[in-house]
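Here is a short report on a protein model and its metal sites. Please keep the sequence and the structure in view while reading.

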Amino acid sequence: MLKKEGHSHTKFSHHGSQEPLDAYIDRALELGFDDYVVTEHAPLPDRFYADFQGPAEMLTTSAMTKDELNQYRAEVDRVKNKYAGKIHIKAGLEVDYLPGYDREIHDFLKENADWLEEVVLSVHFMANDQGVVGPIDYDEQTLADYFPTEMKQPQRLFARYFDTVAASLAVTDGLAFPIRVGHLTLIRKYQHYFDLPGFDDSVKQQVQAILTDMQARGLAVDFNAAGYSKPYNGQSYPTFDIVAQAVQQGLPLVYGSDAHRVSELGLHYDEMADFLASLS
Ligand SMILES: [Zn+2]
Ligand SMILES: [Zn+2]
């Protein structure tokens, strides 16, 4: 079986390390990866920078700028050439879904369809019950600040998150490159900090409906290792129960370390691959 790293970042994240992309690829080679997808955070829609109600720093540390996109592409092309024949490197992006910016996001994907080989589509922002859009994974205090009423009723927080994920799927319409839905249970990132409960039946039904819709749309699952290393999470995204459902549903899953530094590449690959193998 091919060993694939499907979700990785670079210095263009602005919140990772400054290590050169070459160091990531060298590490991936050391770990025996055959495929490597570079999926840096895409620029956010212009209108979102203008509309966002919060410190600008929350956005500048969440995405590359529009001006950096060409630099990023050149950098990925450079390593593709340098490592040709050794490892199969693909040019990708992690693209944010933002509620209310569906058109811009779809257009962005379409405009870049000529060079994008794979995309991770992720929800990092959602609207609260006042309609204010805020980040769900910036830090625990920010989550509590933007979603005060939802935090009192965690099932509402979960429902709001999965509503947003469900709405995100349609931005992929008519695009031919492979798209994976990013870290499907990211809303649980601070689960131990807030002592979040498991999903209730209604939320579980939402998850099932999302998996069904993903299958109908030909989307795949980002089987993401980042949660293991987060102090308040300690699991994969999505969690193993949902992974089992996704497999049952016939959805492809692709491992992603979501590395923002070289040392995070390939983490937990073996236990995640073993779990997948145990399902077949
Ligand atoms: Zn992400
Ligand atoms: Zn990521």
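## Ground rules

Donors here are N, O and S atoms within 2.8 Å of the metal (3.2 Å for Na, K and Ca); water is not among the atoms, so sites may look incomplete. This is a predicted model, in which local features need pLDDT of at least 70 and side-chain atom pairs count only at pLDDT 80 or more, while totals for chains, interfaces and linings use all residues. Residues are numbered from 1 along each chain as its sequence is written, chains are lettered from A and ligands numbered from 1 in the order in which they are written, and side-chain values use heavy atoms, with hydrogens and water left out.

## Zinc ion (ligand 2)

Four residues supply protein donors to the zinc ion (ligand 2): His7 (NE2), His9 (NE2), Glu94 (OE) and Asp258 (OD). They lie 2.1 to 2.2 Å from the ion. Along the chain, the donors follow the spacing H-x1-H-x84-E-x163-D.

The site of the zinc ion (ligand 2) is irregular, with angles of 84 to 173 degrees among its four donor atoms. Four donors count as tetrahedral if all angles lie between 85 and 135 degrees; four count as square planar and six as octahedral if opposite donors are over 155 degrees apart and all others between 65 and 115; anything else is irregular. His7 sits in the loop between strand E1 (4-5) and helix H1 (21-30), and Asp258 in the loop between strand E9 (253-256) and helix H12 (269-279), so the pair ties together parts 251 residues apart in sequence. Helices (H or I, at least four residues) and strands (E, at least two) are DSSP runs, numbered from the N terminus. Both His7 and Asp258 are buried. Buried means under 20% relative accessible area, exposed over 50%, and partly exposed in between (1.4 Å probe, protein chains only).

## Zinc ion (ligand 1)

Which residues hold the zinc ion (ligand 1) as protein donors? They are Glu94 (OE), His124 (NE2) and His183 (NE2), at 2.1 to 2.2 Å. Their spacing in sequence is E-x29-H-x58-H. Glu94 bridges the zinc ion (ligand 1) and the zinc ion (ligand 2), which lie 3.4 Å apart.

Glu94 and His183 link distant parts of the chain, 89 residues apart. Glu94 is in strand E3, and His183 is in the loop between strand E7 (179-181) and helix H9 (191-194). Both residues are buried.

## The sheet

Seven strands form an open sheet with parallel pairing, in the order E1-E2-E3-E4-E7-E8-E9. E1 and E9 stand at the edges with a single partner strand each, so one side of each lacks a neighbour in the sheet. Two strands pair if DSSP finds at least two bridges between them.

Strand E2 (residues 35-41) and E3 run parallel, joined by seven bridges. Thr39 has Gly92 of E3 as its bridge partner. Strand E3 (residues 88-96) also pairs with E4 in the parallel sense, over five bridges. There, the zinc donor Glu94 has Val120 of E4 as its bridge partner.

Five of the five residues of strand E4 (residues 118-122) are buried, so E4 is largely enclosed by the rest of the structure. Glu118, Val120 and Ser122 point one way; Val119 and Leu121 point the other way.

## A buried loop residue

Phe52 is found in the loop between helix H2 (46-51) and helix H3 (57-60). Phe52 is buried, with a relative accessible area of 9%. Its C-alpha atom is separated by 8.0 Å from that of Gly134, 82 residues apart along the chain.
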